[in-house]
Amino acid sequence: MSMTPMTARGAEKLQEELRYRKSELRPKIIESIDEARKQGDLRENAEFHAAREQHGFNEGRIQEIEGKLSMAQVIDVTKLPASGKVIFGTTVDLSDVDSGDELKYQIVGEDEADAKVGLISLNSPIAKALIGKKEGDMVAVATPAGTREFEIIAVHYI
């Protein structure tokens, strides 16, 4: 299997979620199952079935996170030489050529992406167009609304 790129911040968030699910949530769910079990007949015990379902979901998420972390290639862009080139993890300031709007995006892994806060997936059309480019370069990105053109204003290794 191939490694999946992930920022150091993304890896930390997953490790924190894993810690929470294992050391805090799991004991609470197990306690809920024990309490529901004490109430008697398990066939008609809604609390028991709900707690077991929650336990199954939590254990599934734990396995999913562990799998992602085991396949993660954590890239800390702050430790890379700042060449001015757009690479995974860099933050890019853009100017929309048509509207003049200023945009700021960081290129991150699939699981970290959240366009509303400026985190775009490495596999997104805009990230694919930006990778390998430098400050001052123009990039054309095919979008559902048509081709948009951007100028790269700055590349930050933060």
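**View 1. Asparagine 45 caps the N-terminal end of H2 in this predicted model.** A side-chain oxygen of asparagine 45 lies 3.2 Å from the backbone nitrogen of glutamate 47; helices here are DSSP runs of H or I with at least four residues, numbered from the N terminus. The model is predicted, and local features need pLDDT of at least 70, side-chain atom pairs count only at pLDDT 80 or more, and totals for chains, interfaces and linings use all residues. Residues are numbered from 1 along each chain as its sequence is written, and side-chain values use heavy atoms, with hydrogens and water left out.

**View 2. The buried residues of helix H2 are covered in part by H1.** Phe48, Ala51, Asn58, Arg61, Ile62 and Ile65 are the buried residues of H2, where buried means under 20% relative accessible area with a 1.4 Å probe and protein chains only.

**View 3. Arginine 21 is found in helix H1.** This arginine 21 is buried, with a relative accessible area of 12%. Leaving aside residues up to four places away in sequence, arginine 21 touches Arg26, Phe57, Asn58, Arg61, Ile62 and Ile65, a contact being heavy atoms within 4.5 Å.

**View 4. Residues including Met6, Arg61 and Leu119 line the largest pocket.** A pocket is an open set of points on a 1 Å grid over the protein atoms alone, where a 1.4 Å probe fits, with protein on both sides within 12 Å along at least five of seven lines, and lining residues have an atom within 4 Å of a point. H1 gives the most to this lining, with five residues.

Technical notes. Helix = DSSP H or I, 4+ residues; strand = E, 2+ residues; numbered from the N terminus. Buried < 20%, exposed > 50% of the residue type's maximum accessible area, 1.4 Å probe, protein only. Polar contact = N/O pair within 3.5 Å; in protein donor to acceptor, adjacent residues only side chain to side chain.
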